[in-house]
Amino acid sequence: MSEAPASSSGSSLSDRLARLVDVRPGEGPALAWSWAYIFALLASYYVLRPIRDQMGVAGGLENLPWLFLATLIGMLALNLPFAWLVKRLPRARFVPLTYRFFILNILIFAGLIAVAEGEAAVWVGRAFFVWLSIFNLFVVSIFWATVVDVFSTEQGKRLFGFIAAGATLGAICGSAVTATLARDVPTWALLIAAAVLLEAAVFAMRGLARLIGRLNAVPEDARAGDVIGGDVWAGIRRTVTSPYLLNIALFLALFSVTATFLYFEQAAVAKNNFPNRGAQTAFFASVDLAVNVLTLGVQLFFTGRITKRLGVGVTLALLPAASVVGFAALALSPTVASVVVIYVLRRAGNFAIARPVREVLFTVVPREDRYKAKSFIDTVVYRLGDQVGAWSYTGLSALGFGGHAAAVVAVPLSAAWLLNALWLGRAQARRQAQRETERMEDEPDPATAARSSG
């Protein structure tokens with residue numbers, strides 16, 4: 001008699017979860033570890049992000065393009081040693097090793113920030129801006145490469161939006177911590193908290209790795225102990241020679257260019273409207289908090305349903321279509337309120353819909369491409385887009401046009417981005433159909449197998 005309430009409670013919890021996400025038997029534990037993994041990762045990053053944004057403003061808006069250039073160089077420099085790790089070590093070793101390298105970096109920056117003063121503090125801030133701009137893309141790209149390696153295309157369509165909600169919840173917690181404490185707690189102490197959260201992500205990654213062999217529909221080539229092999233240049237070579245990967249790179253580059261236009265506008269708003277370092281950091285954290293609260297609601301209730309109803313291509317096209325409208329509105333009315341509203345809505349649309357659906361594109365590529373080409377696209381190509389956006393914005397400002405002209409330029413770029421998204425959706429569907437056909441051809445006919453065994 002006493003066990004009935006517990007069973008009823010467990011059934012009720014399962015029913016509530018089923019209303020949010022179409023989770024199948026055997027997927028629950030892997031889904032939970034994925035949630036914990038990305039929650040800790042994004043909480044760590046969003047503790048640090050407002051600090052980076054404030055340091056970028058303190059270093060001078062005119063220096064931001066140079067910081068973006070340094071970030072691109074850093075991305076290029078880090079991709080080759082990462083590709084070497086992927087070539088030589090199994091996932092269970094190269095992922096924790098990469099994360100702990102970044103943990104060491106955080107602790108070093110905490111010490112430097114604690115003691116630096118005056119001009120030295122400005123240069124430490126610039127270095128931290130560049131480093132965190134590298135850090136965030138690498139650690140999140142590795143997470144999604146691991147998840148894509150674990151879940152199939154069909155599972156990705158159902159589950160990736162819900163997994164991304166774990167990222168958003170972590171981002172909300174990280175933003176809230178920094179927004180609450182930035183005025184009263186020393187910056188170095190916030191960095192220590194971020195390092196602890198990143199170590200928690202390593203723990204969750206190991207928990208997910210232990211379940212990979214028991215997950216339904218796990219790809220046969222995704223065993224945690226297998227070394228991927230290949231060569232260190234494969235990511236670059238495959239990206240530029242594969243039309244499919246090249247168009248994924250174009251999708252991300254066009255997003256990045258237009259996102260950088262909005263980032264510069266937001267930075268100008270903060271510098272012109274908030275008087276001191278603490279107020280600027282709190283403003284950036286508050287914007288992040290608004291983005292992530294909106295994102296979480298969409299991820300929990302709409303992302304999976306939208307993807308299942310519209311398909312990959314149309315769902316990918318939603319953000320560029322919204323960007324066409326948003327930038328046109330900004331060109332017509334370039335006010336502080338319009339900048340903040342469009343910035344929040346675009347980032348929420350990216351995190352809630354475009355990012356998890358874009359990861360589905362990688363479920364139909366070879367395993368080596370999931371780590372090497374994906375890492376190159378997610379880091380170097382993304383930052384190359386930043387670079388193009390930063391210098392374009394600076395050039396327009398130097399000519400006396402500023403944010404208004406950037407919004408005008410962003411409209412046709414967003415239209416091209418929309419067409420690119422639709423092409424990718426069709427290409428992904430063709431690749432998935434081909435993989436299914438090849439799988440069926442490789443499976444023996446049941447009648448033939450029965451006769452052979454008889």
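## A pocket, a kinked helix and a ring cluster

Let's start with the second largest pocket: 15 residues line it, and L319, A322, L345, R346 and G349 sit nearest its centre. Keep in mind that this is a predicted model. The elements giving two or more residues to that lining are α10 (277-332) and α11, and α10 gives the most, with eight residues. The space inside comes to about 230 Å³.

Now for α11 itself. Even so, α11 has a kink of about 40°, centred on N350. The helix is largely enclosed by the rest of the structure, because 19 of its 25 residues are buried.

Elsewhere, aromatic rings are worth a look: the count comes to 23 aromatic pairs. Two of these pairs involve F102:

| Pair | Centre distance | Plane angle | Geometry |
|---|---|---|---|
| F102 and F135 | 5.3 Å | 80° | edge-to-face |
| F102 and F138 | 6.5 Å | 45° | tilted |

F102 belongs to helix α4 (residues 91-115) and F135 to helix α5 (residues 118-150), so their pair ties together parts 33 residues apart in sequence. F138 is in helix α5 too, and its pairing with F102 links parts of the chain 36 residues apart. F102 and F135 are both buried, and F138 is buried as well.

What do the ring pairs link into a cluster? The members are F82, F94, F101, F102, F109, F128, W131, F135, F138 and Y371.

Note on methods: Residues numbered from 1 in each chain as written. Predicted model: local features only at pLDDT ≥ 70, side-chain atom pairs only at ≥ 80, totals over all residues. Heavy atoms only, no water. Bend = angle between axes of the 7 residues up to and from the residue. Helix = DSSP H or I, 4+ residues; strand = E, 2+ residues; numbered from the N terminus. Buried < 20%, exposed > 50% of the residue type's maximum accessible area, 1.4 Å probe, protein only. 1 Å grid on protein atoms, 1.4 Å probe; cavity = no way out; pocket = protein on both sides within 12 Å on 5 of 7 lines; lining within 4 Å. Points joined across faces, edges and corners; volume = space filled by probe spheres on them. Phe/Tyr/Trp six-rings, centres within 6.5 Å; stacked < 30°, edge-to-face > 60°.
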